[in-house]
Every structure is written in structure tokens, then in C-alpha cells.
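Here is a short report on a structure, written for someone who likes to look while reading. Have the sequence and the 3D view open as you go.

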Amino acid sequence: MLKAAYRIAWKDVAGDFRRRATLSSMLFFAISVLVVFQAAFEPDRKEALRLLPGLLWATTLFTTLVGLGRVFQAEEEDGAFEGLLLASVPRGVIFFGKWLGNLLLTLLVELMILPLTMVLFNVDVWRQTGEILGILVLGTVGLTGLGTLLAAMTQGARSRETLLALLLLPLTAPLLIAGVQAMAGILTGGEVTPWIRLLVIFDVIYLALTPWAFGWLVEE
Amino acid sequence: MKFLARMQAPLGVLTLIALAVGLWMVWTAPADFQQGGAVRILYLHVPSAKMSLFCYIFLTIVSIIHLWKRSETADILAEAATAVGISFTGITLASGAIWGKPMWGTWWAWDARLTSMLVLLILYKGLMVLRHSMDDPAKGARATAILAIVGAVDLPIIHYSVVWWRTLHQPPSLTMAEKSAVHISGPLLPPLLAMSVAFILLGVYMLTLKARQIEAQRKLDALEAARLHHE
């Protein structure tokens, strides 16, 4: 069962490595968002440290939208989506595979964004890199989970990228709040545990809900 | 739906009477000793905030029924509830801002209730856009119903995350002001009850009107499609 999910994820990730389509456009989109933030706020070193959690999360959120717009791109032509649904595994497992593929790509981009942000904004928090990455991973699990469901939901919709942003941004408000607060807590020595708890609650709820919702969505 | 058609006229008259009585009671109610005449906005604000939440609860229930029984009526009611809900949410946010300016000294504060209401407004809008951006109406209805349920799960999480955010981050000065406004007592209570009843009637009336309009629209679309097919 899980092998099927893993194969679907691998198909997406390996395919993207060969075409380098999603990964590179996500990365360059993230860099341009960082440039926009630098030009808009011109933070000095102290301000940059305070802004860092918000910068990282806003960049992650926008970059995820680029990736999510393409989650089902491979399936859009020649009835490939129907072919995928015909696989002899539960629909939830298919969803799990698509989610896993998107999660891996998004995490790869985040791994590159984090040092880039520190270099571009001149912030020295290398010692806390592990903790910051941990928070990013926790938030990304729920973000891509809900995002993959919304991507499936908006499949075949007109102007779907705009629609995806309109739906995803308000629904992920708790992730953004908890992620920014937890990261700020790590950087300034404030409260962290309640925010990590909120991130975990969000992840668990959406990982339980979304495969089921996907099953309802694609049922004929 | 036939039942709704027969109910509509009496319901409309009843709503009008209830609104007239409610507004008269609001007009003659004593002014608050701290808030003055501005407290009267709350008689509009509180019932409308309740209605925007009731509409979402109703929307969630009919969405589940639509997914489960594939009922067309449930889907029509869901579309109508979204339209009614977004208008009540808009009224809530606008009246809250008008009340907030003289009371809090600001139009807007990132308080848990205000933030949740704003997210609710965007969610209603998202539901409307999603439904109409699909070429296949059945697929649009299904996706919208699922999004409504996802939203129903998300709204409490959003509310509590903002509550935690504000209480951990800064003292909840503004929520105190809002809470004291909820503890309305004595002569201020009857007009609030009257307005609540009036708004419930108004909500049901708007829902029947919108549901009948959507039903007629769908019949018309089906006829148009049949005519094009025939030609």
C-alpha cells in the first residue's frame, strides 16, 4: 500500500528532476520574492533578525503556490488522471503519493531558501539552523497536505492559480501564525512549545482529513 | 421547493413586522452610560454576526447531505446559504468597524473574532468563485461541498490560533472591551432579543428567495442547453 504511494511520489520527483521544471521555477520565484522584500523593507541587521521568521514563511507560502499549481500537471493530458485513479489502491493512497511528491520538492526548495535568506539579508543564525528547519518541515507538512487537496479541487477550474491562492492563504492562517511565532521564539528565546503543538495539531487534522476528502472529490 | 414558494409571502410580511418592531425597540432603548448612542449599532452587529455563523453551520450540514445523498435541493440550499452568509458577514464587519472607531479609537484590530470574521468572508467568496469556475456544474458542486467541510474544520483552528497569538503576544485589551459589550443587562436585553428574532426571520427569508432564484436559473440553463442541443 505504502509502496504505491511511494512510487507515485517517486514518479513525480524523478520526473521533475529530469525536466527540472517545478524545482527551478520554485527556486527562482523564491529568490525574486526575497528581492522584493529587500527592496520593500530595506532592513538593517537588527531589523532583518526580527523580520526573518516572517520573511521565511511568506516566501515559503508564495513558493508553495507555484509548486501546487503543478502537482497535477503531469496528469492533465491524455486522460492520465483517470489512469492514475484506476490503480488498484485506495484513493487515499493515491492522494498520499501526490502529497509526498509535492512535500519532497517543497522541502528541497526550503533547504536552499534558508541559507540564501541568511546570506542575502545578512543574518547570522547558523547555529539555530536545525531548529528553524524543524519548524519549517512541521509547517510544510500541513501546508502541502491542504494544498494538494486544494490543487485537486481546483483541477479543471478557470484561472485556477488565482483560485488556489484565494483558497489556500486564508485556510493556512494558523500555520503562518504558529510558524512565525515558533521561529521568533527560537531566535529570541521566547515561547516555542505551544506553537509547535499547534503546528502538530494542524498537521494531524489535515493528514487525517485530506485523503478522505480526496476520495469524495474524485468519486464518479 | 413548492413549499418554499407558498411560504415566501407570509414569511416576508412577518420579517418586515419583526424588523419594524425590533428597530423601534432599538430606537427607544436607553443609551448606554459609557457608550452613548453608539451602542445601538451593536443591536445590528451582534445578530448579524450570529447569522453569518449560523449560515456557515447550515452550509456545512447541507454540504454533507449533498455529498452523501447527492441531493440537488441540498446543493441549491448550499449555494443560497453562501450568498446569504457573505452578506451577513459583510454587514458584521462593516458595522463592527463603524462601532469600533468611536469605541476603540480604531476601525480595525487583529483580534480573534475580527480575524476569524475576515477569514470567513474570504472563505465565502472562495466558495462562490470555486463553484462558478468549473465548466461541469456537478463537479463544481462537489468541490464546493468538500471545501465547505474543510472550512468548517479550519475556522475553529483559526479562531483559537488567533486567540493564543494575541494572548501570548500582547495583553488582550481590546477583547476585554468587546466582552463587556456582550454582558448586556436589564433594559438593553429586550431589543437585542427582538433584533435577533428579526434577523433569523430575515435570514430564512433571504435563503428561500435566493434558493428559488437559483432553482429557476438552473431550470433556465437546462432549457437553454436542451435548445442548443436541438438546433
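## Where chain B meets chain A

The contact draws 25 residues from chain B and 25 residues from chain A, with two residues in contact if their C-beta atoms, placed from the backbone, lie within 7 Å. On chain B's side, the elements that give two or more residues are α4 (112-132) and α5 (137-169). The largest share of that side, 16 residues, comes from α5(B).

What does the side of chain B that touches chain A look like by class? It has 18 nonpolar, four polar and three charged residues. Here Ala, Val, Leu, Ile, Met, Phe, Trp, Tyr, Cys and Pro count as nonpolar, Asp, Glu, Lys and Arg as charged, and the others, Gly among them, as polar.

## About the model

This is a predicted model, where local features need pLDDT of at least 70, side-chain atom pairs count only at pLDDT 80 or more, and totals for chains, interfaces and linings use all residues. Residues are numbered from 1 along each chain as its sequence is written, while chains are lettered from A and ligands numbered from 1 in the order in which they are written.

## Chain B overall

Chain B has seven helices and zero strands; both are DSSP runs numbered from the N terminus, helices being H or I with at least four residues and strands E with at least two. Among the contacts in chain B with a separation of 6 or more, 79% are between residues 24 or more positions apart.

## A loop residue in chain B

Take a look at Arg70(B), in the loop between α2 (42-69) and α3 (72-104) of chain B. Arg70(B) counts as exposed because it has 12 C-beta neighbours inside 10 Å. Arg70(B) and Ala141(B) are 71 residues apart in sequence, yet their C-alpha atoms are 9.9 Å apart in space.

## A helix pair in chain A

Over in chain A, helix α2 (residues 21-41) packs with helix α5 (residues 91-120) at an angle of about 30 degrees, axes 10 Å apart.

On α2(A), the contact residues include Leu23(A), Met26(A) and Leu34(A), and on α5(A) they include Leu105(A), Met112(A) and Leu116(A). By class, this contact has 13 nonpolar, three polar and no charged residues.

Terms used
Axes fitted to C-alpha atoms, helices over the stretch in contact; angles between N-to-C directions. Buried ≥ 20, exposed ≤ 12 C-beta atoms within 10 Å, placed from the backbone.
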